[in-house]
Structures are given as C-alpha cells and as structure tokens.
Amino acid sequence: MDFSIKAFDTKNTIASAKAGVVAVAVFENKKLSQAAKALDGSGEITAALKSGDISGKAGTTLLLRGVKGASADRVLLVGLGSDDAVSEKSFASGVSAALKAFSSLGTSDAIIALPMAEVKERDLNWAIRCVVQSAHESVFRTDGQKSKKDPAPTGVKKIALAVPNTAATKLALAQAVAIANGMDLTKELGNLSANVCTPTYLANTAKKLGKDYKFDIEVLDRKQLEALKMNSFLSVTNGSEQPPKFIILKHMGGKPKDAPVVLVGKGITFDTGGISLKAGPGMDEMKYDMGGAASVLGTFRAIGEMNLKLNVIGVIAACENMPSGRATKPGDIVTSMNGLTIEILNTDAEGRLVLCDALAYAERFNPAAVIDIATLTGACIVALGHHKSGLFTRDDEVHNKLADEIMAAGKAAGDTAWRLPIGEEYNEQLKSNFADLANIGTPGGASCTAAAFLENFTRKYTWAHLDIAGTAWKSGGAKGATGRPVPLLSNFLINRA
C-alpha cells in the first residue's frame, strides 16, 4: 500500500480532485463533513442521508457513482457517528469500513478526506497512524505457508490523505508507515510455524535487519553463553535439538556518549512446558511465545526505517522449551549470570529463566532504561484480558516517571498498558528452602510474582517489564499475531528521541 499527502485549498479543491474514489464523512444527525458539503453541489449526498440509504452510524458506508459535484469517479460516504464528538472508536470503525469498501472497487487510487483533525482527544498524528495501520491490516496476508495462496488483494493500492502538506504531517506519515511495517514483521514472525521460525531463524532475521538498516549485530551461541555463565537461560534449552541464540542488535542513532535504551525480548520459539508439560489443546499457540522477541525485531525495523536519532539496543534470548532425557527437571537448581541460584519448581515458567540472564547481560550497556517484553503469564490475561499489556516497575520517583512515559506512549499509539504492582511482598512468595529464589511463587498474583522474580536481576539500572501474553496474539477464528506492542515501543522511542 502506497501513501501520500494531498492538501486542498480554495484553488485545489476536493471537488476538483481526480481519483478513483474519495471517502468523505456523514453523521447520524444528517449532517455532512466539510469535504462532503464540498461535493454536494447537486444535493445527492444530502438526499442519500435523508432517504435512509446511509444512517451515518459509525462504520456504515454507501458508494455513490458519478456524483455531479465531484471530479472523482466515485464518492464513498462513511458514517462516523455523532458530529459533536467523533470518538476514537467511531473514527477507527469508519476508517476500517472505508478500507474494506476500497478492497472491492475497480480502481487503484483513493483519497481519504475524513475529518482527521476532529477526533475527540486525539491529534492529527494519531489519525494518520490509524489510517496507515488499518490499511496495512486490511491487506496483511497469512497464507505464506499455504500451497495454494489466497486470492491476491484487489482494489485500492494508493491512498492520498487529505491533510495539510507540512513538515509535521510528512513526518507523521513516514513514522506511521515505519511502525506499520514493523508490526507486519512482528506478525509475520509470530504466525510462522515453529519448525520454520526457530532460534536460528530469528537470528537470521536480525542479521538481515542489520544489513538493511546498518545495525551492529552479534549472535552468541551455546559455548559463548556457557562462558558468560548464563546457566539459567541454558537450562531451558537442555531438552531441545535446536541450538539457542542470544541476539544483540545496536542502533546507535544518538550521540556516542548517550546512554542507550535497551529492549529485551523473550524468544521462546516453541514452549511445550518442558517436563512440566502443557495440556495438548491450544498448545499450537505456543509458537507465539516468541512474541517479545518478534516485537523487538519489529520495533528495530521501525526505528531503522525512521533512522531514529537515539541509541537503542535490542537483546533477544531465543530457544525452545522441550521435554527429553536431557531436559531440566522440576527441583533442579541453576546459577544465573549474576550469581543468584534458582530452584526450578516448574519448567513451564521458563520465560523468566531466559529473561533473567538477558537482563543481567543488559547491565553492561550502562542503559538509560531497560524494558523487557514477554508473553510471560496466563495470569496477566486473567487480570487484563486481551485489551491491555501488563506494566510492572519499581515504585520510586525514577521508575514512576518511566512508567508514566510508557503508559503515555501506549495511550497515544492506541496500544495501551496497565500498571500492576510488584514489591517485597511478592518476593516473599518466591522464597526457596534450597536456593536464593524459586522460579514460581506461592499461589496468587502470578503475574506480579513473575515480575518480582525479574526485578531481582535489574537493580543496577532503571527497568520496566511488559507482559504481553494477552495482547501479542488472538485466538479462535481470528487466530494470529497482532503486532503489539510495536506501536507502544516505537512511540516511546520517538518521544525519547
């Protein structure tokens, strides 16, 4: 999908615009947007509203051909609900409906002339991103591994946004496209089957990104991880034939001496639970357990395309969690990279075992902040459903500021998080008779005890944890990766830059 900006004024009007289709807004109270009024010289749009052919309800559409007041071949009326306050939900619903209508038209170009600057509590940048991400979603394909491909998408392939042509809107559009491209990569990786998307595949993807965007790339193998004493991470890999990969990406777009932001991704490319074997139903979805790693790679795709003026480092701990005669057993005790010993009570709580060594490794970068991203706990889905990612960090001035930054970035991007607590009371649940920590807590607050476990490995820098178990993918008939939290992370980094 190609995007551009097309500004209109008294000389270059929407009525004189040549296009296959132009989308304009109508409202439930029979009112027209300014763009719709400009095309309604002969009263055809008003008549369509009065007749009830379109109600103006958010997400409704009506296609008109040969409108006398328009130079475009077609005019698509798009309902946006109330004109008094176009809500975020109504605007997104209208955009989605317009793009669906575009897909069946016999034209390749369109103008979207919806009131993008009039969405309640949102700015023009948000509206531009909404259009671009919705357009990418409308053409995203999941048939890469099918022998018979789905029919190729038809209809509109070029979209012009009717907004002022300024440096700000050009930047917003470029950022929107970059973030959407990053989301596409994250979704593609998540949807691949686990026999294809192995730790080695993730490493090769990182290398390709490095080549395309001039990132520094380093991939550590088992011998190097053994030398680093990453015994917690390696304990998860024991049962698998697939070699582990520890991936480091560096985008040094800021000043050389600026402390970097470090993104740490959980990359369990398939999670059987190990010896603590998961139940069979739904286990296929454990190919998505590398959602944190995929979101780091997708975010790097976005910041590389934007050439963001910021130092960002990505760290990905990638492996499988499989049962075998070599697999780690419940009750085994391992020593992590920072020297803490861990009693592994449940091998299905493996994400924290790979992340703790990755978080210890991140210390060497003297980071400005570290955010780890992981499909860590089913308990987070119980707490927050599939709407918001779980956000955890320490409760002090520095970390509260980081939490506020992350929450604000997510809200602005429409990729929201909700802060949940950690603290010593949750560490109390992780006590072990035989080691410094147990890898699971006593019953209750499982997402909080998981975050508290990770916090033990982050005390020398500013840190936050995002549990994306409920937001990284959808189940059921709509099964597939969502691309979250690439918008949140990208927006956070844009704001930092």
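**View 1. Asp289 lies in the loop between β9 and α9.** Strands and helices are DSSP runs (helices H or I, at least four residues; strands E, at least two), numbered from the N terminus. The model is predicted, with local features needing pLDDT of at least 70 and side-chain atom pairs counting only at pLDDT 80 or more, whereas totals for chains, interfaces and linings use all residues. Residues are numbered from 1 along each chain as its sequence is written, and side-chain values use heavy atoms, with hydrogens and water left out. Asp289 is buried, its relative accessible area being 3%; buried means under 20% relative accessible area, exposed over 50% and partly exposed in between (1.4 Å probe, protein chains only). Apart from neighbours within four places in sequence, Asp289 is in contact with Lys266, Gly267, Ile268, Asp271, Glu350 and Thr375, where contact means heavy atoms within 4.5 Å.

**View 2. Lys266 of strand β9 is joined through its side chain to the side chain of Asp289.** Lys266 is buried, with a relative accessible area of 2%. The polar contact between the side chains of Lys266 and Asp289 is 2.9 Å. A polar contact is a pair of N or O atoms within 3.5 Å; within protein, one must be able to donate a hydrogen and the other to accept it, and residues adjacent in sequence count only if both atoms are side-chain atoms. The side chain of Lys266 also makes a polar contact of 3.4 Å with that of Glu350.

**View 3. Asp271 lies in strand β9 and is buried, at 2% relative accessibility.** A polar atom of the Asp271 side chain lies 2.8 Å from the backbone nitrogen of Gly273. Not counting residues up to four places away in sequence, Asp271 touches Lys278, Met283, Met286, Asp289, Asn321, Asp348 and Glu350.

**View 4. Glu350 occupies the loop between β12 (341-343) and α10 (351-362).** With 1% relative accessibility, Glu350 counts as buried. Beyond its neighbours within four places in sequence, Glu350 is in contact with Val236, Lys266, Ile268, Asp271, Asp289 and Asn321.

**View 5. Residues annotated by UniProt as "binding site" include Lys266, Asp271, Asp289 and Glu350.** The annotation comes from an unreviewed entry; UniProt positions are given in the numbering used here, feature names are shortened, and annotations may be inferred rather than shown by experiment. These four residues are spread over 85 residues of sequence yet cluster in space, with a largest C-alpha distance of 11.5 Å. A "binding site" listing in UniProt (unreviewed entry) also names Asp271, Asp348 and Glu350. Those three are spread over 80 residues of sequence, and their largest C-alpha distance is 8.5 Å.

**View 6. Helix α6 (residues 199-213) has 15 residues.** From first C-alpha to last, α6 reaches 21 Å, close to the 21 Å expected at 1.5 Å a residue; the expected span is 1.5 Å times one less than the number of residues. Pro199, Leu202, Ala203, Thr205, Ala206, Leu209 and Gly210 are the buried residues of α6. Seen down the axis of α6, they fall within an arc of 160° and so line one face of the helix, the arc being that of the directions from the helix axis to the C-beta atoms. The face turned away from the buried side of α6 carries the exposed residues Lys208 and Lys211. Among the elements that cover the buried residues of α6 are α5 (167-191), β9 (261-271) and α9 (291-306). Just after α6, Lys214 takes a positive phi of about 60°.
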